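This briefing concerns the pairing of charged side chains. The sequence and model are shown below.

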Amino acid sequence: MDGLKAAKESNETIVWVTAGVGSEPVLPRERLKQVNELLKKRKLPFQMAVCYLDATPEGYRGEMEKLLEEGYGDVFYTNSTFEGQEYYPQNHLIRKGYFKELDSYLKTEEGKKLWDTLEGEEWKQVRMEDDKIYTVPNQYIFADRNFVCFNKKYTTLQVL
């Protein structure tokens, strides 16, 4: 957690939070290094770090919520399907107000580019009961599952 705290305090690091998957990281160190070199080459004022959480349903939700309460993490991988059950931890966390509502962003010029990369049905399936969108759908695996949420404490329309 200390490394995560230092990364967040620098204000120059975007922290992507995801579940740990076996012994293989979702984004291997070498690939993360390449991503950060590309960000630097493009003269972007930040780098990326990855924080891996417990991959069990209870552990993942609990650790995600703890990070959000403490103000850590910018982008959260929230699609968690566990063997024998569906589990969507982001719904609970969206209702608690942790994640950025994306509807206003999706109406901007940049947001429309993201909107157009997915089909309308995919967007419809990630609307919450308040008829707002808080997640970007995962078009590659299952259209009815959510993919990422953005911490509203640190995310503005300009950052998206």
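At 11% relative accessibility, Glu 65 counts as buried (buried means under 20% relative accessible area, exposed over 50% and partly exposed in between, with a 1.4 Å probe and protein chains only). The model is predicted: local features need pLDDT of at least 70, side-chain atom pairs count only at pLDDT 80 or more, and totals for chains, interfaces and linings use all residues. Residues are numbered from 1 along each chain as its sequence is written, and side-chain values use heavy atoms, leaving out hydrogens and water.

**Salt bridges across the chain**

- The whole structure holds 5 salt bridges, a salt bridge being a side-chain nitrogen of Lys or Arg within 4 Å of a carboxyl oxygen of Asp or Glu.
- One of them joins Glu 65 to Lys 96, with the closest N and O atoms 2.4 Å apart.
- This pair links distant parts of the chain, 31 residues apart: Glu 65 is in helix H3 (residues 57-70) and Lys 96 in the loop between helix H4 (89-95) and helix H5 (103-106).
- Lys 96 is partly exposed, at a relative accessible area of 46%.
- Arg 95 forms a salt bridge with Glu 129, the closest N and O atoms being 2.7 Å apart.
- Both Arg 95 and Glu 129 are exposed.

- Lys 113 and Glu 110 form a salt bridge whose closest N and O atoms are 3.1 Å apart.
- Both residues lie in helix H6 (residues 109-116), 3 residues apart, about one turn of the helix; helices (H or I, at least four residues) are DSSP runs numbered from the N terminus.
- Lys 113 is partly exposed at 47% relative accessible area, and Glu 110 is partly exposed at 46%.

How values were computed. Helices (H or I, at least four residues) and strands (E, at least two) are DSSP runs, numbered from the N terminus.
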